[in-house]
2 protein chains.
Amino acid sequence: MRKLIEEVFASQLANPILDSNADAITLPALTGDLMMSVDGFTVKPLEFPGGNIGSLAIHGTVNDLAVSGAIAKYLSLSAIIEEGLELRTLQRIVHAMAEAAKESGVLIVCGDTKVVPRGDGSGVYFTTTGIGVRKCEFSIGLKNIISGDQILVSGPVGDHGTAIMLAREQFGLNADVQSDSANVIELCKALYDLPGLRFMRDPTRGGLATVLHEINRATKLGIRMHQVNIPVRDTVNTVCEMLGYDPLYLACEGRVVAVVSEDDAEQALSLWRALPQGGDSQIIGEVDSSISQVVLETPLGGERILEELEDDPLPRIC
Amino acid sequence: MRKLIEEVFASQLANPILDSNADAITLPALTGDLMMSVDGFTVKPLEFPGGNIGSLAIHGTVNDLAVSGAIAKYLSLSAIIEEGLELRTLQRIVHAMAEAAKESGVLIVCGDTKVVPRGDGSGVYFTTTGIGVRKCEFSIGLKNIISGDQILVSGPVGDHGTAIMLAREQFGLNADVQSDSANVIELCKALYDLPGLRFMRDPTRGGLATVLHEINRATKLGIRMHQVNIPVRDTVNTVCEMLGYDPLYLACEGRVVAVVSEDDAEQALSLWRALPQGGDSQIIGEVDSSISQVVLETPLGGERILEELEDDPLPRIC
């Protein structure tokens, strides 16, 4: 166990704070309000086009902090490894984790590893907890949202969900779809100074539609979406049509949904489009107190209600 | 999923900071050096005399901080639940978790829940990450240890390991052994002001012997233990003799091993014995540069080398 920790984890993730012999570490002094977030990762398969469970475990927690207004600094990591997981697979996963941490500007400062017998796990499960410093002066939250606010998305939706579906190879389908797994730090930072910023979320499990329902439930305001403006890759659309999925319900792992005041929406769009990660961003709908549900205007001028997801179509998506 | 989170977790663990609708929470301002620790919990069975995986998940992380010189304030919680886990079982576990958090003076401020298909888990796995404030002015650590330092233990060893062994019911043995699972905050706090305090650790996986080996490995100094002074319950001794285990290698979950200077050792012992949790504490050995290994003096005056644990005799002990 000590060997596993030192050779696989500590060697890849080494930094001056991490101490594999200590029960706890002292964090360097941090100035400002601290924010904290935790996420568990159980994705299957462990590796997929565009990432693996290791990079996902970094992006997931970094992104939860970023959409909440904070830049992640320090992460804790817990790994629950199933006996029999190939060492080389684990090494690739931890390598991707180290790369993602570096790109995201975070250090993994403490960790724990447990090995469970074959059949009591599924390769490896990770949990990361992030500590970040609040950089957004505004309080971002669902409670700020009012009728007329615009809804933006930073890029095509459904890539991660589709990539995972294909990687499971249950359907005998081949298509070139990569997970969008990435940190969304720059996208979020770009809006931190915008007075009209109301709320941000990364549309992971349950996808864009689930974020819209969350807004609808919390605000009791309706939402009107314009399907023609919602970016979805052609390949994702094709795969979804063949398999009977709706890309609006499929997970993204590197996108942001933002709610911004009517006055600042165009400015937000420009800020995002100026970034490499936001080139395909769009204003996709608005909050509308004259309706009570989440309504999608179809390209032909029709309307349909986007129902709340009843059953998760894809367990273990993240 | 939302119902599960709200009815089972949020209802039991409610506090002003926890927000089941937020991706991240803001921590109230903390004064002093912050320390951080993480632990994963995979114990089997989930419930055992003296505790369950829920109380253990609190004590484990609170204790890792306490022995490192910090009092835990805030915890994050990740739960990976296997489909099919009985709701009532989960409710009992989360109830014990809430009680343990209350007793330990910590708040669970953020959480994440994942459900994995039957066969991909084992009831439930938890990960907790703790944030605490350093209260011990001294730097506690293995590097402080010198020859002549005394080794103390706060109570009988091997209770948790034995209780888990019996709870697995593989041996057809019945005996009244309770896990010692508890927070060790008061025990640790009692020594924070003692100038001769060198190092503390809670002897969990691998037990007392594994802590001694850790000291031996880090300091290159030998350790001489006096078996007659090491507190072990009669029932634990009997069960271990029947099953061929050595209680010195079995996990504790509510004990502290402390290394204290020769001058302050008696004072440390008095401080511990004045506490209800430390009534059975003992000075059990000393660091000795004239030897190079971990040596146990037996009650009859013999000596044997306490070897390092090769294989974990009890996987999934915590």
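## Cysteines, helices and backbone details

The model is predicted, so local features need pLDDT of at least 70 and side-chain atom pairs count only at pLDDT 80 or more, while totals for chains, interfaces and linings use all residues. Residues are numbered from 1 along each chain as its sequence is written, chains are lettered from A and ligands numbered from 1 in the order in which they are written, and side-chain values use heavy atoms, with hydrogens and water left out.

B:Cys110 is also buried, with 7% relative accessible area. Its sulfur has the sulfur of A:Cys110 as the closest one from a cysteine, but the 13 Å between them is too far for a bond. B:Cys188 is not in a disulfide either, with the sulfur of B:Cys136 as the nearest cysteine sulfur, 9.6 Å away. Over all chains, the disulfide count comes to zero, a disulfide being a pair of cysteine sulfur atoms within 2.5 Å.

Next come the two chains as a pair. Chain A is superposed on chain B by a rotation of 180° with 0.0 Å of shift along the axis, at an RMSD of 0.0 Å. That is how a two-fold axis relates its copies. Among the residues of chain A, A:Gly121 comes closest to the rotation axis, its C-alpha lying 2.3 Å away. The copies meet through the same surface, because 100% of the interface residues of chain A are interface residues in chain B too.

Helices here are DSSP runs of H or I with at least four residues, strands are E runs of at least two, and both are numbered from the N terminus. The axes are lines fitted to C-alpha atoms, for helices over the stretch in contact, and angles run from 0 to 180 degrees between N-to-C directions.

In chain B, helix 2 (residues 53-67) and helix 3 (residues 87-104) pack with their axes 6 Å apart, at an angle of about 30°. So helix 2 of chain B runs roughly parallel to helix 3 of chain B. The contact between helix 2 and helix 3 of chain B involves nine nonpolar residues, four polar ones and no charged ones.

Further along chain A, A:Gly207 sits in helix 6 (residues 207-219) and is buried, with 1% relative accessibility. A:Leu248 is 41 residues away along the chain, yet the C-alpha atoms of A:Gly207 and A:Leu248 are separated by 5.8 Å. With residues up to four places away in sequence left out, A:Gly207 touches A:Leu248, A:Tyr249, A:Leu250 and A:Ala251, where contact means heavy atoms within 4.5 Å. A:Asn237, in helix 7 (residues 234-243) of chain A, is partly exposed at 28% relative accessible area. Setting aside neighbours within four places in sequence, A:Asn237 is in contact with A:Val232 and A:Pro247.

Most residues other than glycine have a negative phi, and most peptide bonds are trans. A:Lys44 and A:Pro45 are joined by a cis peptide bond, with omega about 0°, and A:Pro45 is in the loop between strand 2 (34-41) and strand 3 (47-48) of chain A. In chain B, the bond from B:Lys44 to B:Pro45 is cis as well, with omega near 0°. A:Lys220, in the loop between helix 6 and strand 10 (222-226) of chain A, has a positive phi, near 60°. A:Lys220 is exposed, at 68% relative accessible area. B:Lys220 also has phi near 60°, and is exposed at 69%.

Methods. Buried < 20%, exposed > 50% of the residue type's maximum accessible area, 1.4 Å probe, protein only. Parallel < 35°, antiparallel > 145°, perpendicular 65-115°, else oblique. Nonpolar A, V, L, I, M, F, W, Y, C, P; charged D, E, K, R; others polar. Least-squares fit on C-alpha atoms with pLDDT ≥ 70 in both.
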